Every structure is written in C-alpha cells, then in structure tokens.
Amino acid sequence: MELLEDIMTENMQETLSEKLLDQPLAETKTESGRQWLVKCPICYRTCYQSWEITDWRKEKLDWFLCYCGSIFREGLARTDIYNDEYIKQYKEQKQLNTRIEYLERLYLSLIEELTYGRRFLDVGFTVPLFLERLKNRGWLTQGIDLLPNNGYITGDFATYDFGIQRYELIRFNDVLSCFNDPVGAIRKAYKLLAPTGILMLNTPDAKAIYLLQHPIEFGHWGSQHRVFINQCQLRKILKETGFEIVLSWLNMAERLFSTNEIHILAQKPEIRKEREIEGDKKDG
Ligand SMILES: [Zn+2]
C-alpha cells in the first residue's frame, strides 16, 4: 500500500492533459484478438485487464480494471448522448421527486449548519429539481449543464470560466464519473468553493461491483461515463486536494440518488486571517 500511495501522490501533482490525453492509445494485436493498452485516468498506470460489457443501449464497451481500484473505459466520455431523449429518460426515473426530497431532507439541514453563505452551484443537474428546492430554502442558485436550460449556464464545468464567483455549496450529482479528468474537476470545485464551502458528491463506487452477484447488476455502464473510482481512493483524492471529509458512505438503497453510489460531503477548511487570530488572543 505504501508503494501505491507514493505513486498516487506523485502522479496526482500532474494534470491528466499533461500525462494522458496528449498520448495516443496504443493498440496491440494478440492471439485472442484486439488488445488496448491504456493508461488509468487516476493513477496513470498502463492497464490491460479488461471486461467487455454490453450497456443498456446495447452498446459493447471495453472497461479496464486498474491496480489502484479504478474501472475506466477506453476512449473519452461521450457527450453526444445528452439530448431530448436523455432528458425524457431522466424524468421517467422511478420516484424522481421523492428521491430529490429525500436528498434535501437528509443533507441540507447539516450543510446549512456547516457553512455560512447560501450560494449554490449544481453541476450536471439535467432537470433543475434540486435547484428549485434550494431556491425555496433561500439559496442563491446557479446550475451548469451541457444540456441547454433556460436561466442556467450551458457549458462544460471542466472548461467554463466562472471568474471570481465563489460558492458555499457545489453539487456533483453523478457527474464525477463523466469527466475525462475527475481529479481536475475536484480541484476546480475546491477553488470555486468559499472557505467552509461544501462539495456534495454522489458517484458510482467501483468497489460496489464486487458486492453484487454479477457486474451487469452494477447498472452504471454507459458511454457517458469515463471512470469509476472506489470510496477509499476518492476520499484520498479529496484529502490530497485539501478537503476535510464530513461524511462518506456507500448507498445500496433505491430511495436515494443512486444505488451502488458513494455519497460524500467534503468541506473546504476555513482559512482564518492572522488579524482574526490576533483578535482571539486579545479577547482570550
Ligand atoms: Zn489506476
């Protein structure tokens, strides 16, 4: 484990674009057929152990298992699937409104105790149901999505310039696995959060595949996803970025977003100014 941690720490200091995207994928021919040698988007190891999975669109994709615990797909995440049909299927999810309500009930009172301001950014929200709930609680809300939505930002969180805007709450609802560079997205969220701000994140847990009877029951396979990280690794990445973990657990129930997913609340520490600390000393 020490060796793995050394590799992770060293490699996480470099961005994916520097180490991975600039390198073409190497294809080799084997006796059994095609074999891709690709690099893990999280630890940059070369991987060759793959599974062929047929997703819910009947599309066959090769998924690679890395020594670090990540599972990732060949090629980059597809964005052309975000269309009217995608929105329709999203809205047809079982008990969509109940799940949103449960999410609000479970987490928002805690989040509102942990941070002072009320500026919220929902990343990849698809339908602004959670945004509307937070607006009703008095939050100043903003959302960004690749799908056009009236009144919200249409764009890619990874490349969009937010300028000097900062937030007390940023939500990644099932989007971390869709970034080509998930570590870069976490670092960007950290920069965009105000001190004491919270990153609210749910994402498929790579380890959950082994808790199920068959990989196909994992249910998250699809070309919009790029990489699944496990809970232990994700906590490590968040801590390396500077976050403190408020809570972290694996949800296997259907009443929340979503089954087989890690739920994490991570907080950007409060950075206290020297003069405030001096003031404390005087008061003390
Ligand atoms: Zn890896």
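Reply: First, a term: two strands pair if DSSP finds at least two bridges between them. Helices (H or I, at least four residues) and strands (E, at least two) are DSSP runs, numbered from the N terminus. This is a predicted model, in which local features need pLDDT of at least 70, side-chain atom pairs count only at pLDDT 80 or more, and totals for chains, interfaces and linings use all residues. Residues are numbered from 1 along each chain as its sequence is written.

Me: Which residue in the turn between β4 and β5 has a positive phi?
Reply: Strands β4 (residues 50–54) and β5 (residues 60–65) pair in the antiparallel sense over five bridges. S50 has F64 of β5 as its bridge partner. The two strands form a hairpin with five residues between them. The residue with a positive phi, about 70°, is K58.

Me: And which residue in the turn between β5 and β6 has a positive phi?
Reply: β5 also pairs with β6 (residues 71–73), antiparallel, over three bridges. W63 has R73 as its bridge partner in β6. Five residues separate the strands of this hairpin. Phi is positive, at about 105°, in G69.

Me: Which strands are at the edges of the open sheet of seven strands?
Reply: The strand order is β9-β8-β7-β10-β11-β14-β13, with mixed pairing. An edge strand here pairs on one side only. The edges are β9 (153–154) and β13 (244–251).

Me: What is the bridge partner of N251 in β14?
Reply: β13 pairs with β14 (residues 261–267) in the antiparallel sense. Seven bridges link them. The partner of N251 is E261.

Me: At what angle does α5 run to β8?
Reply: Axes are lines fitted to C-alpha atoms, for helices over the stretch in contact, and angles run from 0 to 180 degrees between N-to-C directions. Helix α5 (residues 129–136) lies across β7 (119–123), β8 (140–145) and β10 (167–173). Its angle to β8 is about 170°.

Me: Is α4 parallel or oblique to α5?
Reply: The axes of α4 (residues 96–114) and α5 come within 10 Å and cross at roughly 45°. Angles under 35 degrees count as roughly parallel, over 145 as roughly antiparallel, 65 to 115 as roughly perpendicular and the rest as oblique. So α4 is oblique to α5.

Me: Which residues of α5 make the contact with α4?
Reply: Contact requires C-beta atoms, placed from the backbone, within 7 Å. On α4, the contact is made by N97, I100, L103 and E104. On α5, it is made by L129, F130 and R133.

Definitions and conventions: Contact = placed C-beta atoms within 7 Å.
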